[in-house]
Amino acid sequence: MSDFKTVFFDDFNGNALDRGTWKALYSGQHGNGMFRWDPSQLEVADGKLTIATEREGGGWASGGLSTIPDGQTYGRYEFRARVDEAQGTSGVVLLWPSNNQWTDEVNILETHDPRRDSFAFVNHGNPWVTEYIPLNVDGWHDYRLDWTPGQLVLSVDGRERARITHDVPDQKMSFGMQAQVHAPWEGWFGGGPNGGTPSRAEMEIDWVRVSAWTPGQGDAAPTGFAAAAAGGTDWMAAAQRYVARDGAWDGSWRNQVASGQITIEDVASRLAAGQGQWELWQ
Ligand SMILES: [Ca+2]
């Protein structure tokens, strides 16, 4: 048994947010005066969640959402994401106190660098600890935070990149994701938008998995396809894309799925095993 048990997995299939999971959608003016939160900047389509930042009149609007008031003390947080390069904007994936009183904050992914050549992993303890991780954040990556007593371990694409052990939170925290627009004086984020900033920038989330910390009583260690899926790639989504684009000839996997000879899970399993034409399922 592993030490973590899945609480929820959201693949963002369908065309609307699961409000049973994402109970808090941000709205209202942000304190820096640069933008307002608007739930209309959240879109679920094509198997992913898009959190947009858009110019509107003289200002900007961005999206944000959280599992508040639901939360847990300790756990594993995994997601696949990318954030557009756009001067004066950022994307943040974070843990925030479930009682919505700011006493702790862990920024798992915070794109302080408008070039998206690196990101910050921050524990707002006493004092704050910030780890800067070189990574092309505008490309897709699989992120994972393991939060256990006294320890925050960040991994990207299955490899540990940072570990924070100072003043780690020990209260119930909720998982959130948000896009932001910065003011000219917010130098840590590289300042505000300029003439080169596009009128729309996107932060995309392919999936999110949240697991509880249950030492010795977690999910069974996955094998086969489940192990491949646990590695981060969204194999079911890949299989759906593959089948949609596979050839029309009699023996194609698309035809085999349509005729019931194999299931979409079979296709996912085959892709996970390295079968199929790579260029078709990308
Ligand atoms: Ca997905």
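The model being a prediction, local features are taken only at pLDDT of at least 70 and side-chain atom pairs only at pLDDT 80 or more, while totals for chains, interfaces and linings use all residues. Residue numbers start from 1 along each chain as its sequence is written.

To begin with the sheet, 7 strands line up in the order β2-β8-β17-β10-β11-β12-β13, making an open sheet with antiparallel pairing. Strands here are DSSP runs of E with at least two residues, helices are runs of H or I with at least four, and both are numbered from the N terminus. Two strands count as paired if DSSP finds at least two bridges between them. The edges are taken by β2 (24-25) and β13 (129-134); each has a single partner strand, so one side of each has no neighbour in the sheet.

Strand β17 (residues 173-181) is mostly covered, with 9 of its 9 residues buried. Buried means that 20 or more other C-beta atoms lie within 10 Å of a residue's own, exposed means 12 or fewer, and partly exposed is in between, with C-beta atoms placed from the backbone. In a regular strand, side chains alternate between the two faces of the sheet. In β17, Met 173, Phe 175, Met 177, Ala 179 and Val 181 point one way, Ser 174, Gly 176, Gln 178 and Gln 180 point the other way, and all are buried. Antiparallel to β17 runs β8 (residues 64-66), joined to β17 by 3 bridges, with Gly 64 opposite Gln 178. Strand β10 (residues 89-97) is also antiparallel to β17 and is joined to β17 by 9 bridges; here Ser 90 has Gln 180 as its bridge partner.

Further along the sheet, β11 (residues 106-110) and β12 run antiparallel and share 3 bridges, with Glu 110 partnered by Ala 120. Of the 6 residues of β12, 5 are buried, so the strand is largely enclosed by the rest of the structure. Another 6 bridges tie β12 (residues 118-123) to β13, again antiparallel. Phe 121 pairs with Glu 131 in β13, and Asn 123 pairs with Val 129.

Next come the cores. A nonpolar core is a set of buried Ala, Val, Leu, Ile, Met, Phe, Trp, Tyr and Cys residues joined through C-beta atoms within 7 Å. The largest one has 41 residues, and those with the most contacts inside it are Phe 79, Ala 81, Val 93, Leu 94, Ile 108, Leu 109 and Ile 205. Neighbours within four places in sequence aside, Ile 205 is in contact (C-beta atoms, placed from the backbone, within 7 Å) with Phe 12, Lys 48, Leu 49, Phe 79, Ala 81 and Met 177.

As for the helix pair, the axes of α2 (residues 235-245) and α4 (residues 264-272) come within 8 Å and cross at roughly 105 degrees. Axes are lines fitted to C-alpha atoms, for helices over the stretch in contact, and angles run from 0 to 180 degrees between N-to-C directions. The two helices are therefore roughly perpendicular, a label for angles of 65 to 115 degrees. The contact is made by Trp 235, Met 236, Ala 238, Ala 239, Gln 240, Tyr 242 and Val 243 of α2 and by Ile 264, Val 267, Ala 268, Leu 271 and Ala 272 of α4.

Phe 12, in the loop between β1 (4-10) and β2, has a positive phi, near 55 degrees, and is buried, with 23 other C-beta atoms within 10 Å. Asp 157 also has a positive phi, near 50 degrees, but is partly exposed, with 14 such atoms within 10 Å. Asp 157 lies in the loop between β15 (151-156) and β16 (159-164). The bond from Ile 68 to Pro 69 is cis, with omega near 10 degrees, and Pro 69 is found in the loop between β8 and β9 (75-83).

Technical notes. Angles under 35 degrees count as roughly parallel, over 145 as roughly antiparallel, 65 to 115 as roughly perpendicular and the rest as oblique. Two residues are in contact if their C-beta atoms, placed from the backbone, lie within 7 Å.
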